[in-house]
Amino acid sequence: MSALRFIGTTSDEGDCPTLYEVPGTDQILVQGDRVTAPEQLAELRHVKEHETFVTVPRSLLTRFAPRDEPREMIPFTEAAHLFKEFRHTAWRLETRRGYATDRRSEKWARWKAGEDVTADAASSWLDNVAAARAAGRRFGRVRIVDEPMTEGQRFLLTTSVANVAAGEDIRVLPRAEADRLNLPGHDFWLFDSRLVARFVFDEDDTTLGVVLSEDPAEVVAACQARDAAWHYAIPAVEYTQQVPSAV
């Protein structure tokens with residue numbers, strides 16, 4: 001699990017105001033300009049020797065400061081119903097360089113052996129995507145990739161063919177572009193622009209669970225990340241054609 005989770009920033013051209021969460025706690029880390037003015041330091045109350053003080057723009061707190069108490073992590077299976085119950089859109093941001101569930105799958109072993117896995121038989125996931133699409137609901141995701149791509153990212157790009165055929169809109173965004181856009185560094189699903197399911201992973205890319213949130217600040221941050229990523233990302237099929245060595 002990461003020591004910090006990026007929440008949001010009003011940073012522009014390398015400026016620093018940023019908020020982070022300390023996962024598993026109720027603590028928020030604030031990054032800003034250190035206070036050095038003697039007249040300001042003299043006004044501070046109950047100062048401890050180890051404390052440091054920073055200033056940030058009001059807009060940072062207005063846009064990104066959490067409004068609700070943090071929720072406990074739950075098993076992913078307890079959130080699975082959301083993929084059938086959402087009303088309009090289910091959208092995913094994928095940020096990792098690989099996933100343990102992929103590496104442990106039978107399809108991964110066949111792909112590693114050189115088999116063509118782009119036209120695999122339907123699965124419950126693909127069936128659900130197709131049913132949602134037929135009902136006018138949309139699945140979409142943006143995958144952040146390194147250049148050159150990692151093995152895990154190449155596998156996902158190869159296997160995305162079936163997802164796209166079922167009706168899922170999958171797009172690809174280079175990591176350098178994601179960094180420029182200040183996108184979050186964690187995976188999440190956003191349901192109907194109102195509920196965020198944020199993934200928690202261990203150091204081996206194994207999913208430990210998800211944290212559900214309807215906190216207005218977190219939902220707005222996820223919507224902003226979606227809009228920025230969607231604008232610059234490239235459809236997976238087009239990206240594959242541009243980088244044929246990827247698959």
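Which exposed residues does the face of α6 turned away from its buried side carry? In this predicted model, that face of α6 bears Ser124 and Ala134. Helix α6 itself spans residues 124-134, and its buried residues are Leu126, Asn128, Val129 and Ala132. Viewed down the helix axis, these buried residues of α6 lie within an arc of 160°, and they therefore line one face of the helix. The packing partners of the buried residues of α6 are α3 (82-85), β7 and α7. After α6 comes Gly136, which has a positive phi, near 85°.

Strand β7, one of these partners of α6, belongs to an open sheet of seven strands. The strand order in this sheet is β11-β10-β9-β6-β7-β8-β12, and the pairing is mixed. At the edges stand β11 (207-213) and β12 (234-235), each of which pairs on one side only. Within the sheet, β6 (residues 89-94) and β7 (residues 138-145) run parallel and are joined by six bridges. In this pair of strands, Thr89 is placed opposite Arg138 of β7. Helix α7 (residues 151-166) packs on the sheet, where α7 touches β6, β7 and β8 (169-174). The direction of α7 makes about 165° with that of β7.

With a disulfide taken as a pair of cysteine sulfur atoms within 2.5 Å, the count of disulfides comes to zero.

Note on methods: Residues numbered from 1 in each chain as written. Predicted model: local features only at pLDDT ≥ 70, side-chain atom pairs only at ≥ 80, totals over all residues. Heavy atoms only, no water. Pairing = 2+ DSSP bridges. Helix = DSSP H or I, 4+ residues; strand = E, 2+ residues; numbered from the N terminus. Contact = heavy atoms within 4.5 Å. Axes fitted to C-alpha atoms, helices over the stretch in contact; angles between N-to-C directions. Buried < 20%, exposed > 50% of the residue type's maximum accessible area, 1.4 Å probe, protein only. Arc of directions from axis to C-beta.
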